[in-house]
Amino acid sequence: MSQSLADSELSPPRTVPAETAPNPTRVLVAIALAAVMLPISVTGPGVALAEMSGALHASAASTQWVLNAYNVAFTAFMLAAGSAADLFGRRRLFLSGTAVFALASLVAGTAPTILLVDLARFVQGMGAAAVLTSGSALLAHTFSGAARARAFGIFGASIGFGLAMGPFVSGLLVGVASWHAVFLVNVLLGAVVLVLARPLPESKNPGARRIDLPGVLTFTLALMLLALGFVEGPSQGWGGIVTLGSFAGAALFLALFVVVELRVAEPMFDLSLLRRPTFVAIIWQPVSIVFAFAALLVYLPPYFQGAGGAGSTMSGAMLLPLTLPVFVLPLFTPTLVRLLSVRMLLAVGPAVLAVALLLMTFTDPVSSRTGLYAALLLAGVGIGLAFGVMDNAAVSVVPAERSGMASGMFNTLRVAGETIGVACVGGLLLTSTRQQLPAGDGVMADDVVQGRLASVRAGGGQDLVDRAVQGLQHGWSVVYVVLACVALAGAIAVFTMVRDRDLDQSSAAQEG
């Protein structure tokens, strides 16, 4: 069985000689900075898409791959990176992953074509997977007991801070410099992390033996083809050969992945865990949340910049009502668990998100901006309520010796939910907007979705701009309703499938 984060936490740490013992503060600072850097790379580029697509003369489909390429690689290589960290060394993979991440950021920030940006983002996602998994394992190796709980609390807060501030910081960078700065800032952050982490001692898991390469390959191809189908659907037609071929290929490779995982000696996914209804509901619940959260972070900034007339800095600031609760509420998780229980938090979170998304159908970034802020704040509260408990719940409903596999499955599916959410919403938004435009103009739909209203105005004046904005607002209404249904499905799954007694261990851990 392949090793992942929680496996590393459960295995005894290797004895480190006193003269080479790690400096705990240095370890924590390096990994916390990396934990801030990674989510900024997820949420930040959304703010820069409008300027980037115009500067590089990119279509909506190719621009979407700036987001999808990173997410696909991050998702697909996460479990493999966890195995590699245990097999080859956690410090070695952390340093290598950080270097790859920084170099890919440099290429993305200086690339002259959108294709090179997309390729660099895929490599950047591979580096991010290595940094996240090996960084978590380094924390587990360095700290123990109450100190480990505090260290992982800081680690989680750092990720939340990166998610919350990513759009705002990126908006500032675009406003002060250009879209290039959104990527280039990671070169500087990566260099600082490398300096801090270089003196750390090495550690490995002596029980780790191999990486499930067939599983990695089939899972990656399935995810890429699924994303390709959603991205190309609006331009190629949902019944076109490219779109249907992509979906068929995704289904084929997903089936092959299941066959591989059932037969391989050390699988990435222990599919027998899916026989547990509570576990199935708990790994579906975060998917139902991040499906909406990631899509909103990516596609709302161009909406605010185009239809809302906001600048890049303002468009990032407008997302703070959504992102700040995701950072703040998990800090109060122990109190919330005592008041509501883990099961209620897991269920109430996506239910509140669903209500917020439905309320957003009555808002827009011009005439009802206050209502939009209120709905975004409510959505952030729903997401934040669940974020504080769902990681621990995922590993607490299985025996301790299988918690590593449970953690790997949970995190992989969560990031896969982000990937598919971004791709699906992008395709749905383009299609729904295009249907409301004169003659179903696909070029105009590309421009208005990416916030390039100047191009629309040049082609037909203000009347055409007004009609295009109305089409975009209709497209967002469709998106909000679909995302609300996905979130509600997560709430229903928890209510009907999760049993309180399965979460007693999780609740006790949170209260402690």
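Q: What does the secondary structure of the chain come to?
A: The chain has 22 helices and zero strands. Keep in mind that the model is predicted.

Q: How much of the chain counts as buried?
A: Of its 512 residues, 59% are buried.

Q: And what about the accessible surface of the chain?
A: The surface comes to about 18,900 Å². Carbon and sulfur atoms account for 68% of that area.

Q: Among contacts between residues at least 6 apart in sequence, what share join residues at least 24 apart?
A: That share is 84%.

Q: Let's switch to helix α5. Is α5 enclosed or open?
A: Helix α5, residues 78-88, is largely enclosed by the rest of the structure, because nine of its 11 residues are buried.

Q: Which ones are the buried residues of α5?
A: They run Met78, Leu79, Ala80, Ala81, Gly82, Ser83, Ala84, Ala85 and Asp86.

Q: What comes just after α5?
A: Gly89 sits there, with a positive phi of about 125 degrees.

Q: Now Ser288. Where is it found?
A: Ser288 is part of helix α12.

Q: Buried or exposed?
A: Ser288 is buried, and its relative accessible area is 0%.

Q: Which residues is Ser288 in contact with, leaving aside neighbours within four places in sequence?
A: Pro350, Leu353, Val486, Ala487 and Gly490 are in contact with Ser288.

Q: What lines the largest cavity?
A: Its lining consists of Leu49, Ala60, Thr63, Gln64, Tyr299, Pro302, Leu430, Val449 and Gln450. Helices α4 (60-76) and α12 (277-306) are the elements that give two or more residues to that lining.

Q: Which element gives the most to that lining?
A: α4 does, with three residues.

Q: How do the residues of that lining divide by class: nonpolar, polar, charged?
A: Six are nonpolar, three are polar and none is charged.

Q: What about the second largest pocket, how much space lies in it?
A: The second largest pocket has about 480 Å³ of space.

Q: How many residues line that pocket, and which lie nearest its centre?
A: The lining has 21 residues, and those nearest the centre are Phe219, Leu226, Leu254, Leu413 and Ala416.

Q: Which helices supply at least two residues each to the lining of that pocket?
A: α10 (213-236), α11 (241-263), α12 and α19 (403-434) do.

Q: Which side chains meet in it?
A: Arg452 and Asp447 do, at 2.8 Å from N to O.

Q: Why can side chains pair like that?
A: Side chains of opposite charge can pair when their charged atoms come close.

Q: Are Arg452 and Asp447 buried or exposed?
A: Arg452 counts as buried at 17% relative accessibility, because the cut-off for buried is under 20%. Asp447 also counts as buried, at 10%.

Notes:
Residues are numbered from 1 along each chain as its sequence is written. This is a predicted model: local features need pLDDT of at least 70, side-chain atom pairs count only at pLDDT 80 or more; totals for chains, interfaces and linings use all residues. Side-chain values use heavy atoms; hydrogens and water are left out. On a 1 Å grid over the protein atoms alone, a cavity is a set of points where a 1.4 Å probe fits but cannot get out, and a pocket is an open set with protein on both sides within 12 Å along at least five of seven lines; lining residues have an atom within 4 Å of a point. Helices (H or I, at least four residues) and strands (E, at least two) are DSSP runs, numbered from the N terminus. Ala, Val, Leu, Ile, Met, Phe, Trp, Tyr, Cys and Pro count as nonpolar, Asp, Glu, Lys and Arg as charged, and the others, Gly among them, as polar. Buried means under 20% relative accessible area, exposed over 50%, partly exposed in between (1.4 Å probe, protein chains only). Contact means heavy atoms within 4.5 Å. Accessible areas come from the Shrake-Rupley method with a 1.4 Å probe; for residues, only the protein chains shown count as cover. A salt bridge is a side-chain nitrogen of Lys or Arg within 4 Å of a carboxyl oxygen of Asp or Glu. Grid points are joined across faces, edges and corners, and a volume is the space filled by probe spheres set on the points.
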